[in-house]
There are 2 protein chains.
Amino acid sequence: MVKYKEIAHAITQYIEDNDLKQHDKLPVIDALAEQFKASKSTIIKALDILEAKGQIYQVQGSGIFVRELRLDGFVNLNRPNGLSQSLHKGDLINKVIEVSIIKPTNELIEQLACEANEDIYLVKRTRYTANGPIAYEISYYRKKLIKYMDKEIASGSIFRYLREHYNIDPGFSNAYFKILPLDAEATRYLEETPGAYGMKLINQFFLPNGTIFDYSITWYQKDRSHFFVPSTFY
Amino acid sequence: MVKYKEIAHAITQYIEDNDLKQHDKLPVIDALAEQFKASKSTIIKALDILEAKGQIYQVQGSGIFVRELRLDGFVNLNRPNGLSQSLHKGDLINKVIEVSIIKPTNELIEQLACEANEDIYLVKRTRYTANGPIAYEISYYRKKLIKYMDKEIASGSIFRYLREHYNIDPGFSNAYFKILPLDAEATRYLEETPGAYGMKLINQFFLPNGTIFDYSITWYQKDRSHFFVPSTFY
């Protein structure tokens, strides 16, 4: 990762560790440069990135201020690093339903942009907060890129596993969603009544070079899920 | 607006005008510098911003590629410049229900961070695509910042009006949403059946200095609305 992205990441971490809230002021650029052992120009670049990503705002002549990053109980769709990053720590328990290897359907070949005879890891899990199941997730990973997966791994943060074991560093993602009646499986796993509505969210996760490595469908239970999207103009 | 943000905006415009699609390649930095009459370092800065905002991705040694910006019929929640910017041009008609001046309720005082005796513009409108009403929107603007509003103005893009008449250049926004049964008004204006679910989206719009100038509640009709959120990791 290039230096200014590393620093941007470190500043985000600093905001979280210090539990800074919306409109809280960050140290001045000189102080940040000293604290993060980086040049002023690297700090400025990192701050511009964080501004574009909706994590801070900069007011000329006044300072650098924090924006709302993580809201208790809200899923931040602009921070796609897994639900466990988005909700508060310790709030989320995964119940793994299935981990298996399959051949892709035509839909999957298109969504993963993969070969017809490739092995694909299928992972199904239900994700629980203290209030009950919030999400039922069906994920597909290209085995070509993720060599090994099992139920134990899937019970934790899969993205952390990918980073630590395969040095896989996701680049970007597209999320698409719509309000729909839950299908039969989602109704069961989300402990809903037949015909209940929910949100169906489809995610494509890309490596930095544009290759898709993960495609997932997540059904959210309507009463337990709240969503948040911070954005920036220009 | 600073130069690199202007260039970032111009590159976005270029992508849209040329109808570039996901994975399409942009010209090299030298060519962009010539085309947009900017220094290479300004171009690099603009590209970093666009990458952080999820509009392009850069692959070392390979080039700069376009990401999905606007998807036919999808509301891009990461481009909050009004629904008219997000859906395809010409797709959206506004029917203005009410424009009036009110005093803020306690909820509004909190949401707009305004004074108790301030005048607030209340704008209610239904937004139609070719398939029927997609959204019912209730917006509140501080009259202190937006001096004049009427039904004719509200039938167009209010954000364009603010930019052209008051030089108001929004800085950032927070969107919060949840799946809920529509309230009575939303049911009527969205031509839904009683008890129907929809999405309730709350937006706070900030000036670049962190002042809130607009607070709005938008109810989306479930069958006609699809949403899109492109994001970036790190």
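**Exercise 1. How many salt bridges does the structure hold over all chains?**

Solution. The structure is a predicted model, in which local features need pLDDT of at least 70, side-chain atom pairs count only at pLDDT 80 or more, and totals for chains, interfaces and linings use all residues. Side-chain values use heavy atoms, without hydrogens and water; residues are numbered from 1 along each chain as its sequence is written, and chains are lettered from A and ligands numbered from 1 in the order in which they are written.

Step 1. Apply the criterion: a side-chain nitrogen of Lys or Arg within 4 Å of a carboxyl oxygen of Asp or Glu.
Step 2. Count over all chains: 24 salt bridges.
Step 3. The closest N and O atoms of Lys5(B) and Glu51(A) are 3.0 Å apart.
Step 4. Count between chain A and chain B: 4 salt bridges.

**Exercise 2. Describe the contact between chain A and chain B.**

Solution. 
Step 1. Count residues in contact (heavy atoms within 4.5 Å). Chain A supplies 55 and chain B supplies 55.
Step 2. Take the buried area, meaning the accessible area (1.4 Å probe) that two parts lose on being put together, summed over both. The two chains bury about 5100 Å², with 62% of it on carbon and sulfur atoms.
Step 3. Find the main contributors in chain A. Ile179(A), Phe233(A) and Tyr234(A) lose the most area to chain B, together 17% of what that side buries.

**Exercise 3. Which strand of chain B does S7(A) join?**

Solution. 
Step 1. Strands pair if DSSP finds at least two bridges between them.
Step 2. Read the pairing. S7(A) joins strand S10 (residues 226-232) of chain B through 6 bridges, and the two run antiparallel.
Step 3. Check one position: Phe172(A) stands opposite Thr232(B) in S10(B).

**Exercise 4. Relate the two copies.**

Solution. 
Step 1. Compare the surfaces. The copies meet through the same surface, because 100% of the interface residues of chain A are also interface residues in chain B.

Terms used
Helices (H or I, at least four residues) and strands (E, at least two) are DSSP runs, numbered from the N terminus.
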